[in-house]
Amino acid sequence: MAVPVVDPERYESQLDAKRERITAQFARFSPPPLEVFPSPSSHYRQRCEFRIWHDGDDLFYAMFEVDPADPKRKAVIRLDEYPVAGERINALMPALRDALLASDTLRRKLFQVEFLTTLNGEALVTLIYHRQLDEAWEQEARALQESLNVSIIGRARKQRLVLERDHVWERLNVEGREFVYQQVENSFTQPNAAICRSMLGWARDVTRESRDGDLVEFYCGNGNFTIALAENFRRVVATEISRTSVASANVNLEANGVANAVVARMSAEEFSEALAGEKSGRRVAALALDEHDFTTALVDPPRAGLDAHSCEQLKAYSRIVYISCNPNTLEANLEQLSATHIVTRFALFDQFPYTDHCECGVLLERREAPVRA
């Protein structure tokens with residue numbers, strides 16, 4: 001994987017290239033004009049991880065570039081700064097490196113550092129080691145935590161030491177509303193906070209006239225969309241398989257005063273079976289699914305997209321909001337969904353500038369009559 005070269009002067013041209021590529025790739029679905037949401041041209045990631053490369057008495061942050069001619073060969077790229085990362089991470093990088101260089105206890109067998117930060121400056125730093133951590137490490141790490149004004153977690157094999165807390169609180173202003181999110185270490189969060197705000201604003205806009213119906217959300221994570229969309233619906237039922245994410249989502253519902261949404265810990269497949277009456281049990285009974293009128297479904301699947309069975313089940317909903325991190329699997333899923341639905345909104349979110357990655361948002365609405373094969 002190549003390290004992105006941040007060049008603000010060419011940002012618009014790289015975004016135009018993405019716009020042209022996505023417009024051409026999805027032209028056969030006859031979508032409306034593509035809505036394009038740009039990223040800041042530098043310092044846009046709120047979380048990053050780096051290898052720590054030891055070279056005698058020196059150490060530095062490193063990433064690797066694979067040789068296209070020989071994938072087994074990787075070049076070590078030294079990073080003294082990283083314009084991809086947010087300002088807070090860039091400020092912490094030299095300060096943390098200086099502290100590590102001055103402490104044999106903190107640097108010994110350290111091989112990776114992870115930063116998790118927020119727009120308002122909160123920071124969590126995870127130090128990962130190839131050795132077990134002891135009281136001496138904890139004492140020096142606590143002093144470092146205080147001097148850098150961060151929270152620190154130490155990790156080693158079968159060991160996790162949380163010195164203060166394992167999360168930060170992100171605050172996102174969307175359409176004049178502030179939403180707060182607990183973001184837990186080693187759990188998925190949207191890395192580009194500015195683009196996350198754009199995604200939430202877009203999703204709120206395309207679902208604004210929905211108060212008479214209910215929303216079902218698959219792959220809800222820590223409640224990122226759940227919380228921002230709840231006021232657009234009568235009720236929301238969201239599902240997520242990760243125990244950590246479900247716990248965080250429930251914390252976030254309470255923190256934002258959302259009373260009309262519940263998060264169920266089950267896979268999208270299990271929930272679909274419950275909706276079809278093919279699965280029962282205490283967790284299913286607690287959701288009272290028979291009392292809901294699910295008019296809209298929101299899916300934010302992993303890069304593999306949705307399988308054919310899941311796509312078929314989505315056809316039952318009048319409207320589908322599909323957030324995609326992989327245009328190729330989105331394209332394949334739209335092939336199936338377009339038999340019953342049409343694309344009425346289409347967005348490109350530039351989550352990862354200077355890379356080929358494209359994040360898309362699609363609103364699909366049911367056709368009056370399905371297309372016959």
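Reader: What volume does the largest cavity have?

Author: A cavity is a space where a probe fits but cannot get out. In this predicted model, the largest cavity has a volume of about 30 Å³. The count of cavities of 30 Å³ or more comes to one.

Reader: Which residues line the largest cavity?

Author: The lining is made by Gln182, Gln183, Val184, Ser187, Phe188, Thr189, Asn222, Thr244, Ser245 and Ser248. Two elements, β10 (177-184) and α7, each give two or more residues to this lining. By class, the lining residues are two nonpolar, eight polar and no charged.

Reader: In what order do the strands of the open sheet run?

Author: Strands are placed side by side through their bridges. Here eight strands form an open sheet with mixed pairing, ordered β1-β16-β17-β15-β14-β11-β12-β13. The edge strands are β1 (35-37) and β13 (261-265); each has a single partner strand, so one side of each lacks a neighbour in the sheet. On average, and ignoring direction, neighbouring strands are turned by 15 degrees against each other.

Reader: How many bridges join β15 to β17?

Author: Six bridges join β15 (residues 319-324) to β17 (residues 359-366), and the two strands run antiparallel. In this pair, Ile320 stands opposite Leu364 of β17.

Reader: Which strands does helix α11 touch?

Author: Helix α11 (residues 327-337) packs on the sheet and touches β15, β16 (341-349) and β17. The direction of α11 makes about 160 degrees with that of β15. Helix α7 (residues 243-255) lies across β12 (235-240) and β13, at about 170 degrees to β13.

Notes. Residues are numbered from 1 along each chain as its sequence is written. This is a predicted model: local features need pLDDT of at least 70, side-chain atom pairs count only at pLDDT 80 or more; totals for chains, interfaces and linings use all residues. Side-chain values use heavy atoms; hydrogens and water are left out. Helices (H or I, at least four residues) and strands (E, at least two) are DSSP runs, numbered from the N terminus. Axes are lines fitted to C-alpha atoms, for helices over the stretch in contact, and angles run from 0 to 180 degrees between N-to-C directions. Contact means heavy atoms within 4.5 Å. On a 1 Å grid over the protein atoms alone, a cavity is a set of points where a 1.4 Å probe fits but cannot get out, and a pocket is an open set with protein on both sides within 12 Å along at least five of seven lines; lining residues have an atom within 4 Å of a point. Grid points are joined across faces, edges and corners, and a volume is the space filled by probe spheres set on the points. Ala, Val, Leu, Ile, Met, Phe, Trp, Tyr, Cys and Pro count as nonpolar, Asp, Glu, Lys and Arg as charged, and the others, Gly among them, as polar.
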